[in-house]
Structures are given as C-alpha cells and as structure tokens.
Amino acid sequence: MKVLVLNGSPKGSLSFSLQCFDFLKTQFPGNHYEVIHVGQRINAIEKRQKTFTSLIEKLKEAELIIWLSPVYYFAVPAQLKRFVEIIYERKIEYLFKGKYACVLTTSLHFADYLVQNYINAICDDLGMNFLEGFSTSLADMQKPGGKNELKLFFKFLLDNISRGIAYNRKYPPLHFNSNSYTPEESHQHLPEIKNIKMTLLTDMDNQSGNLQQMINVFTGIVPGQIKLVNLNVINIKAGCFHCLHCTVDGICVHEDDVARVFHQYLLPADIIIFAAAIRERYLSARWKMFIDRLLFNGLSPAFPGKQTGFLIAGPLQQLPDLRYMLETYVQTQGMNNIGFISDEYEQPEDLTKAIYHFTQSLLWAVENNYRKPMTFHGVGGHKIFRDFFYEYPHLYWKDHMYYKKNNLYDFPQKRKIRSIKNKLNSFFCRFTRFRSRILKRARISYFQSIKKLF
Ligand SMILES: Cc1cc2nc3c(=O)[nH]c(=O)nc-3n(C[C@H](O)[C@H](O)[C@H](O)COP(=O)(O)O)c2cc1C
C-alpha cells in the first residue's frame, strides 16, 4: 500500500510524532512510505512552486493518508492549520477524495480528542474514508507494552483497509449563514467607565463582512475605551516550532511584535475580546500562529482574573468542539469567559442587541469582580500541566517557578493530616465491623461540613 504521511509537527524529522511513525515503518516494511513535513515546510509549500508540485504528485499516488499532529493549545499547530487552508485555496480537495485517512496525535493527552475530532472532520469534508486514529504520549510509549499498542493500532488499521471497511461521515457538512449583517444606523451607547481597559484582538480584513460590522457595533457601544490590535497588521514572523528556548527565560527566538502586543495590550487590559471569523472549522491560521506563539510566556495562566468574550462570524452553533477549544484556552489562561456572540441571528437588530448586552455584562463583571469556577477544561488542564511541570522542571523552568510561587503544586498527598486520617479510615474499612460505622460517620460529617460552610 502507498502510505503518505503528512507530518504537521513544526519540528519535522525531530518530532516525537514522526519517531512514532518511523517505528511503525520498521514494523510493517511491506508498504511504500512517503513523508511530507507539511508543518515544518509550510512556507516552501506556500511559496515555492516546485515544492507544491511535488506535494501534488505524492498526494495523487497515495492510497492511505496519515496525518501526524502534536496538540498545540487544544488544536493543531498553526502550520498544519495553514496547510488545511491551502488545500481549499488551491482547490486540491479532489486529491484527497475517496482515499483512506487516519490521524496519529501526540501530546500530554490534554484535549487530544479535540485534535482527533478536528482532523476527522476535515477528512470528512474532503470526502475521505476516515478510520479511527491513535493518540499517544511519551509516557505511554515508555510504558511496558506501549509500543506494542501502537503496533497493534497500525495492524488494525491495515487489516480494516484490506477488508474494505468504510464508515459514514461522523461530522455533517457546515452550512454558512448567508445573511449579511447590516446594523441599524444608530444604536445605544454605554457611558465610558474610567479605569476599565479593553483590548480587542482580531484578524479582520476588508473582506471580513459580518465580523467587521460586529466589531464596529461593539466598539461603537463603548467609544474611546477599546484598543484594537489587528493580527494581520502586526509583524508575526513565523509560528512556534517548540524549540524550548523561551521556556527558561521567556524570550522567543523570533524577534517580532508578539511579545510587544502581549506586554503592551494584553497584560494591562481588564477585558480581552477575541474577534474572529471561522475558517475550516477553526479560526484562521494567523490567529493560531499568535496563540501558539504565546508559549513564550509559558503554559501557565497568563491572564488570571481578566474578563473575556468572543465575537465570532461563522457557524459556531454547528461546531461545539470549537467552543471547547476556545473555552479551554481561556480557562487555562485564568480568564473568566462572559460568552460567545456569533452572527447566527436571524434579525440584525437581535444581533445588535446581543452585542449590547454582551458589552454590558463584560463591564458589570469587571466592576463586580465576577469569576466563575473553572469547569473540566480548566481543572483538567491544571492537573495535567501541574504533573508535567513537576516531572520536567528543567524543561519548563518558568512554568515550574510560577507553579511554585502560586502554590499550584496542590497534590492531594501534600495535605498531611487528611492523608493520615484517610490511611487510618482505609485500614479500618477493611473490617465489616467498623466499615458501616465509618461510612455513616463520613456521610454525617460531610453533610455537617457543607451546612457549616453556608
Ligand atoms: C505551543 C505548544 C502548545 C502545547 N499544547 C498542548 C496541549 O494543549 N495539550 C497537550 O497535551 N500537549 C500540548 N503541548 C505538548 C505537545 O503536544 C507534545 O509535546 C507533543 O508530543 C509534541 O509533538 P512533536 O514532537 O511531534 O511536535 C504543547 C506544546 C507546545 C509547543
């Protein structure tokens, strides 16, 4: 079988994802394998005709396409997102149609399923025959039997293909709203509130239509209070390629505007608004490039206590995973999300009203210091990153110091008295004589402690 590997990792042949695949190649030598480092070579694919033509030739020949992707901030890296955009811009979708596809992701397992689902959905859109993927981590591969699991996955995949298995698409095609949003000439304003700083980040351009109108309405409601940063205008030299230079001293190897925007516009703001249009089931690659590059500040919460919200143009209601990706991003950054406003309203006046109320809520949240507790997205992320920084402090020194300083190494075994009590209870619970008494007491004291709390 002719297998084409699209390696989305910006690290190319040095990537862990590719090492996993190289292992499979040695285990299944009977196939013909080709690898294209689409993540690392994205500029050449975009700008050099020769590289693009060779890509097309390889795509034509492939029978099975395997996407390799690390998880970068709960989504694919910016470079791989750009590759997906190029497929549509250059109209080469036909090269994927009808072919078998699969995905292999590597990560710390935090939100890895979102990347698996994302590639699945893109393959569905391309008319490919997608078969279940595999998600692994370095820790998985180091476990006894870990490599064997990977080997079995590939065997399972090849066997399924040889049996001609085909499944229905899992993700329905997206329907884009064709209503263009023309807001009424005049709408309500809110009084300027001194000392509240707002930054709106966007990648809008002249063709942004509804997004541009939504931003105009939003900025018009609180005139003079918002700093606008356009990601298309600032200088972003390249995407993050996980070189780890920044994780010790917080300085990125790319010298451009990302750190300046972060320090000058994001850190001082009380409210940060993300305004974006949906492209190929995510935000634009430009947006993703900016998000990935914020790694220079570490994976720890960069914006604790700030209020945030999203203005989105596109079919957000049909993309629950995109909401999870964005929600996870803001929660792990320590932000309080006021919500998502998308242009999916039937009537323009309803959308204007929603933006007005959204703005009111944001200001109210700042004035009242309103914070919701984190949900699974934030809590899960905290625990996974906590364990990782604790295990590899030298690699993520800046994050390690942040976790230490802010008491975020909150391992349960650190609570010594509770730990001793639990051990004693566990010991006595082995004896039926004590068990029912201990459990009864636990139920009562649990309830009493809640009552006391309120
Ligand atoms: C910018 C950036 C963001 C990351 N975000 C996540 C994440 O959201 N979830 C996760 O589990 N791992 C995350 N990681 C870790 C990588 O997914 C992991 O190291 C991966 O195995 C790297 O694969 P590669 O060597 O093939 O590029 C992130 C790494 C980087 C550089």
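**Overall form and aromatic pairs of the protein chain**

The model described here is a predicted one. When the box is taken along the principal axes, the C-alpha atoms of the protein chain fill roughly 75 × 70 × 45 Å. The secondary structure of the protein chain consists of 17 helices and 11 strands. The domain assignment divides the protein chain into domain 1 (2-162), domain 2 (198-367) and domain 3 (413-453), and the centres of domain 2 and domain 3, taken over C-alpha atoms, are separated by 46 Å.

Of the 454 residues in the protein chain, 51% are buried. Among the contacts with a separation of 6 or more, 82% are made by residues 24 or more positions apart. The accessible surface of the protein chain amounts to about 23,100 Å², of which carbon and sulfur atoms supply 55%.

The aromatic rings were then considered. A pair of aromatic rings is described by the distance of the centres and the angle of the planes. With ring centres required to lie within 6.5 Å, the count comes to 34 aromatic pairs. One of these is formed by Trp67 and Phe96, whose rings are 6.2 Å apart from centre to centre with 25° between the planes, and the pair is stacked because planes under 30 degrees apart count as such. This pair links distant parts of the chain, since Trp67 belongs to strand E3 (residues 64-70), whereas Phe96 lies in the loop between helix H4 (78-89) and strand E4 (100-106), 29 residues apart. Trp67 has a relative accessibility of 0% and therefore counts as buried, and Phe96 is buried with a relative accessible area of 0%.

A second example is given by Phe427 and Phe428, whose ring centres are 5.2 Å apart and whose planes meet at 80°, so that the pair is edge-to-face. Phe427 is partly exposed, as its relative accessible area is 38%, and Phe428, at 31% relative accessibility, also counts as partly exposed.

Charged side chains were examined in relation to aromatic rings as well. Arg90 lies over the face of Phe52, at a distance of 4.6 Å from the ring centre. In another case, the charged end of Arg433 is placed over the ring of Phe434, 5.0 Å from the centre of that ring.

How values were computed: Residues are numbered from 1 along each chain as its sequence is written. Side-chain values use heavy atoms; hydrogens and water are left out. Domain bounds come from an automatic or database domain assignment. Rings of Phe, Tyr and Trp (its six-membered ring) pair if their centres lie within 6.5 Å; planes under 30 degrees apart count as stacked, over 60 as edge-to-face and the rest as tilted. Helices (H or I, at least four residues) and strands (E, at least two) are DSSP runs, numbered from the N terminus. Buried means under 20% relative accessible area, exposed over 50%, partly exposed in between (1.4 Å probe, protein chains only). A charge sits over a ring if NZ of Lys or CZ of Arg is within 6 Å of the ring centre and within 35 degrees of the ring normal. Contact means heavy atoms within 4.5 Å. Accessible areas come from the Shrake-Rupley method with a 1.4 Å probe; for residues, only the protein chains shown count as cover.
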